[in-house]
Amino acid sequence: MIAHNLPALQVVLPLIAAPLCLLLRGSNWPWAFATLVSWAAFAISVALLSQVLDSGTISYAMGGWAPPWGIEYRVDTVNAFVLLIVSAIGAVVLPYARVSVGHEIPAERHPAFFTALLLSLTGLLGVTITGDAFNLFVFLEISSLSSYVLIALGRDRRALTASLQYLIMGTIGATFIVIGIGLLYMVTGTLNMADLAARIPAAVDSRTLLAAFAFLTVGTTLKLALFPLHSWLPNAYAYAPSVVTGFLAATATKVSVYILLRFFFSVLGTEYTFERLTLEQLLIPLAAVAVLVCSTVAIYQNDVKRMLAYSSVAQIGYIILGIGFVSTTGLTAAIVHLFNHAVMKGGLFLALGCVMLRVGSVRLDAFAGLGRRMPLTMFAFVLGGLSLIGVPLTVGFISKWYLVQAALEQGAWILAIVILVGSLLAVIYIWRVVEVAYLRPPPADAAPVSEAPLSMLIPTWILIGASIYFGIDTSLTVGIARRAAETLLGVTP
Amino acid sequence: MRKHLVLRVVSKLLMPFILLFALYVQFHGDFGPGGGFQAGVIFGSTFILYALVYGVETARRVARDWVLRLFMITGVLIYIGVGYVALFLGGPFLDYNTLSAHDPVHGQHLGILLVELGVGITVAATMVTIFFAFASRGRG
Amino acid sequence: MDIPADIPGLYNYWIVVVLMMVGFYVVISRTNLVKKIVGLNIFQTSVFILYISMGKVKGGTAPILVDHPVTYSNPLPHVLILTAIVVGVATTALGAALIVRIKEAYGTVEEDEIQAMEPDE
């Protein structure tokens, strides 16, 4: 029974856990319950991925209603991979959360915090696994609304305005997506993604389809924080609690990229999106600007969390650049960077959470002398930073390698140079932190600072370790990404 | 009790009828406009009306926080519970056909009824909770 | 396309467009946070009207099952919009709650005043 219903359980397990978590009292019971559920969700996603790699796409009819009339959960290589990323990050971040949340959030809010985190996990998993367009919107809003709540729990009062700004922009983005879905429904009469893909070629001349395309583009690019629609991201990531930043930075934008991939490659099709409407002419310049401008802005930040947030926008630029190439190599680069960036940035933000716990601030001056006082944490930060730069033997190098390869395949020398310049800019802002941490002595009146507790160090090092391991042994990630890219492009059946 | 006498008397007379109407809307969703969300909002509006006329403190003694929280959770659990029952009875998640051993249409009726009931309970509790959260702000 | 005949015939889409642009303009241009949320609501309402008016079948009645055969309007948009309305309510409630907290933290709900109170990084 469990094996047949894995696609439903992937979403429904955290979903039923969320209200149950609200019933629990105290700080430890909700945390323990949420952690167990996140591990179960991770196990389910691993099972789904291995099933998909063995036997192909899984189709699950919710409620027994056959698609296209019923809601279908459809798992292929692309979303099995994204499911793995989201649930893995959840499974790693939740053990970390006990001490971090205990330190940053008042105790009476803990059950509600873990409930919101479980709801956010549910929403993200649901967006990824569903094969119905409107169901995607519903889960997107579930994950977004719980994210707004999570961000608003930050200690700084600017977390409130950051959350409100994210709410307004995120709702506009989601509403644009629902308008696009409505217009698609108007043209084709169906909401099932596979069915939409079959019916859209008959309607390519319709102006309604063009409007739907425009709304979907703006909505999804707002949600994934592509420059210039990224202004919600730096504040939201900077002022949220450390656990929340670590979780959202590694998952929310990745899932929005998945929405873009699903709508533009599977539903609307590459002929319509890229050959007829040449979307890559919009995506590539914006992505290149994102890489250069946001890496530069990151250099000038004095708050390390904000610096990494701008770095995230730049990394999303890399992903969109890879998508804009519309080739197997480019898409492989983009999809493998979904995994690589999740692991890198997740690890970096978790390391920052360790610093926040011990030092109380993540401003650049607070890092003085931290290299000696918190050696393991800062070394994790250094390794994560090297991965951001793209040093060989790290995952960042793998993504950049494939990106440059994709650029050179199409003779886009300028874009290859942009990618390398982005790496150089990353060197500058990472060096700023490393210099303060290792080369500047701690202030004379600084309180003694010890290393972060094991429950926070181990998850950080799991992610940073993964960013090294998967930079050396790339067969799993690149193999799956390549299969996913081929599925999206329709290269192999 | 001299202030707003008409309001107090009329609202007290109307409240049971509003609750009854909410239940009507809840269970006649199959046959007319209605269903869980609408009924839940109408049900919640009774408590909000009570709070507006008689004061938030009095209303909070009628609808206590822990009761509201319990109802919020129960409603969601009823909805998802129906889905899990369908799972245990052998079908895919939320397949109402399995709910009734002899007649699948009967199962559909039962499934929709239970699911909408869960929605109604949660929505009513949530609306009242939201109102109390806003209305009790700034008092101390 | 026959422009003079189609403009009045498509009046529901014109209403949708007007509401959408009014709501969107209010969100962007007003500095008062409460007005922004109101604008967001108007914006979302236009989407509801888009879906529902799109679902109407000419000569169709409300999509409620009766015994004798009759033309129904499409019930699917109604179901979708129920969900979207609930999402809109939740978003508004959350936005309003955030505004209450912001008012308590900053003493004002005007966006420019709030930005003036926070020194630029």
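## Chain A against chain B

How many residues of chain A are in contact with chain B? In this predicted model, 14 residues of chain A are in contact with twelve residues of chain B. On the chain A side, α1 (6-23) and β1 (58-61) each supply at least two residues. Helix α1(A) has the largest share, with seven residues. By class, this side of chain A divides into eleven nonpolar, three polar and no charged residues.

## Chain C against chain A

This contact takes 25 residues from chain C and 25 residues from chain A. On the chain C side, the elements that give two or more residues are α3 (33-55) and α4 (75-106). Helix α4(C) gives the most, with twelve residues. The side of chain C that touches chain A has 17 nonpolar, four polar and four charged residues.

## A helix pair in chain A

Two packed helices are described by the angle between their axes and the distance between the axes. Take α2 (residues 28-55) and α3 (residues 77-104) of chain A. Their axes come within 8 Å and cross at roughly 160°. An angle over 145 degrees counts as roughly antiparallel, so α2(A) and α3(A) are roughly antiparallel to each other. The crossing of α2(A) past α3(A) is left-handed. The contact of α2(A) with α3(A) has 18 nonpolar, six polar and one charged residues.

Helix α5(A) covers residues 133-152, 20 residues in total. From its first C-alpha to its last, α5(A) reaches 29 Å, close to the 28 Å expected at 1.5 Å a residue. How many of the residues of α5(A) are buried? The count is 20 of 20, and the helix is mostly covered.

Helix α17(A) has 15 residues, 395-409. At 1.5 Å a residue they should span 21 Å, and the end C-alpha atoms are 21 Å apart, which agrees. Its buried residues include A:Val395, A:Ile398, A:Lys400, A:Tyr402 and A:Leu403. Also buried in α17(A) are A:Gly396 and A:Ser399. Which helices do the buried residues of α17(A) pack against? The partners are α13 (304-324), α14 (328-359), α16 (375-389), α18 (413-439), α19 (454-472) and α20 (475-489) of chain A. Just after α17(A), A:Gly411 takes a positive phi of about 70°.

## Backbone exceptions

Most residues other than glycine have a negative phi, and most peptide bonds are trans. Chain A has a cis peptide bond joining A:Pro67 and A:Pro68, with omega about 0°. A:Pro68 is in the loop between β1 and β2 (72-75) of chain A. The peptide bond from A:Phe227 to A:Pro228 is cis too, with omega near 0°. A:Pro228 sits in the loop between α8 (207-223) and α9 (232-239) of chain A.

B:His4 has phi near 50° and lies in the segment before α1 (5-27) of chain B. Is B:His4 buried or exposed? B:His4 is exposed, because 12 other C-beta atoms lie within 10 Å. B:Leu94 has a positive phi of about 65°. B:Leu94 is found in the loop between α4 (65-88) and α5 (104-135) of chain B. B:Leu94 counts as buried, because it has 24 C-beta neighbours inside 10 Å.

Key:
Residues numbered from 1 in each chain as written. Chains lettered and ligands numbered in written order. Predicted model: local features only at pLDDT ≥ 70, side-chain atom pairs only at ≥ 80, totals over all residues. Contact = placed C-beta atoms within 7 Å. Helix = DSSP H or I, 4+ residues; strand = E, 2+ residues; numbered from the N terminus. Nonpolar A, V, L, I, M, F, W, Y, C, P; charged D, E, K, R; others polar. Expected span 1.5 Å × (residues − 1). Axes fitted to C-alpha atoms, helices over the stretch in contact; angles between N-to-C directions. Parallel < 35°, antiparallel > 145°, perpendicular 65-115°, else oblique. Left-handed = near helix turned anticlockwise from the far one by under 90°.
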